[in-house]
Amino acid sequence: MPDIGVVIPAYNSALYISQAVKSIQDQTHVHWRMVIVDDGSSDETGQIVQTISDTDDRIKYIRQENQGVSAARNNGVEELDTPWIYFLDADDIAEPWALEELLLTATEGGRHHAAHGLATQFGDQEKTDYIDYLRDRRALCGSEYRRLGPNEPTTFASLIRQNGITIGSILIHKESFMRIGGFDANIKHCEDWNFFLRLSLSDDINFLDRSVLRYRRHESNASNNLDAMRLAERSLLKSMLQSPLLSPSQKAVLHQRQRLDFIHRRDRIRKEFKLIFGSRRNLGIFRNKADVMLAVMRQSAGLFRFWTQFPKSAIPRTWSKS
């Protein structure tokens, strides 16, 4: 009887989808079934997946009109009756031990919530220190971040600092997934982080200090749009404050995270103003008064955006107070 359901959303993934599926077929844990959700691809993704599913009865292929990756993941889960859910993007590769070790980690101490491991990068734009970035889990405690040890679970207080979980490195109990309502299909950026934060509100996420995923970097990665990601991050933190699931202590952590972010950005703007307008020598870089006024307008616009990014609760009582 399969105990892990694998969901692979795919959109124009003909180039990589076979490798992703093969990485699941090669798992040391063999009790799984898979749903591949074609999110309205216009390339040969559908034909490739249909051929694969015809030769492996553990794999189901469904197609939907283009609705986005979150809706595809949610619809894939609805097709599964397994107690555990594992998501894999169509361009990534699961390590052979991923399902087995994540399941062992998730059920440690009789718990049935979720567990995540680490990931390495490969491809056109790989970062060799990516695994160190994910391993650097720090929980916000007061005004400082405390580094979590390898035997400590990932908490809301650590995920609020940065998204240290990668899709494809986490195993989730279906009851936990359903309880939080799955992925928010209305979010186009940071949808994974939003999901992981909501998942951590009710319980901590067990941690496996080993890579379970090879994350492919290429030009079409959604995470390459840094401006959109930063804007989505700020929107995410604001929206989290509205969650009825937040405990008083979690709300305090979120407020403190925003306050520290405010202070960091305030100090950066101060530095920029001082660099440009701090001395006559600096002003000498401008050719005329019009250039000076243009620089002032740009800095003022940036300052306005800065102030509107944060709720009043995150702003110190005075501009100078930290």
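**Labels and their grounds**

Author: The lining of the largest cavity comprises three nonpolar, five polar and four charged residues. The model is a predicted one.

Reader: Which residues make up the lining of the largest cavity?

Author: The lining consists of His-116, Leu-134, Asp-136, Arg-137, Arg-138, Thr-154, Ser-158, Leu-159, Arg-161, Gln-162, Gly-164 and Ile-165. Gly counts as polar by definition. The volume of this cavity is about 60 Å³, and the search of the whole structure finds two cavities of 30 Å³ or more.

Reader: What makes the pair of Phe-87 and Phe-177 tilted?

Author: The ring centres of Phe-87 and Phe-177 are 5.8 Å apart and the planes stand at 40 degrees. A pair needs centres within 6.5 Å, while stacked requires planes under 30 degrees apart and edge-to-face over 60. The angle of 40 degrees therefore makes the pair tilted.

Reader: Where in the chain do these two residues, Phe-87 and Phe-177, lie?

Author: Phe-87 belongs to strand 4 (residues 84-87) and Phe-177 to helix 7 (residues 174-179), so that the pair links distant parts of the chain, 90 residues apart. Both Phe-87 and Phe-177 are buried. They also belong to one aromatic cluster with Phe-183, Phe-195 and Phe-196.

Reader: Why is the pair of Tyr-130 and Tyr-215 called stacked?

Author: The centres of the rings of Tyr-130 and Tyr-215 are 5.8 Å apart and their planes are at 20 degrees. Stacked applies to planes under 30 degrees apart, so the pair of Tyr-130 and Tyr-215 is stacked. Because Tyr-130 lies in helix 5 (residues 130-135) and Tyr-215 in strand 10 (residues 206-217), the pair ties together parts that are 85 residues apart in sequence. Tyr-130 and Tyr-215 are both buried. In the whole structure, the search finds eight aromatic pairs.

Reader: How do you know that the charged end of Arg-137 sits over the ring of Phe-207?

Author: The charged end of Arg-137 is 3.7 Å from the centre of the Phe-207 ring, and the cut-off for the distance is within 6 Å. Arg-210 likewise lies over the face of Trp-97, at 3.9 Å from the ring centre.

Reader: What makes helix 3 (residues 69-78) largely enclosed?

Author: Seven of the ten residues of helix 3 are buried, and the helix is therefore largely enclosed by the rest of the structure. The buried residues are Ser-70, Ala-71, Ala-72, Arg-73, Asn-74, Gly-76 and Val-77. They pack against strand 1 (4-10), strand 2 (32-38), strand 4, helix 7 and helix 8 (191-202). Helix 8 is itself mostly covered, with eleven of its twelve residues buried. Among them are Trp-193, Phe-195, Phe-196 and Arg-198.

Reader: Why is Pro-153 called partly exposed?

Author: The relative accessible area of Pro-153 is 26%. Buried means under 20% and exposed over 50%, so Pro-153 is partly exposed. Pro-153 is placed in the loop between strand 8 (144-147) and helix 6 (156-159). Not counting residues up to four places away in sequence, Pro-153 touches Arg-137, Leu-148, Asp-204, Ile-205, Asn-206 and Phe-207.

Reader: How many of the residues of the protein chain count as buried?

Author: Of the 322 residues, 50% count as buried. The secondary structure of the chain comes to twelve helices and ten strands.

Methods:
Residues numbered from 1 in each chain as written. Predicted model: local features only at pLDDT ≥ 70, side-chain atom pairs only at ≥ 80, totals over all residues. Heavy atoms only, no water. 1 Å grid on protein atoms, 1.4 Å probe; cavity = no way out; pocket = protein on both sides within 12 Å on 5 of 7 lines; lining within 4 Å. Points joined across faces, edges and corners; volume = space filled by probe spheres on them. Phe/Tyr/Trp six-rings, centres within 6.5 Å; stacked < 30°, edge-to-face > 60°. Helix = DSSP H or I, 4+ residues; strand = E, 2+ residues; numbered from the N terminus. Buried < 20%, exposed > 50% of the residue type's maximum accessible area, 1.4 Å probe, protein only. Lys NZ or Arg CZ within 6 Å of the ring centre and 35° of its normal. Contact = heavy atoms within 4.5 Å.
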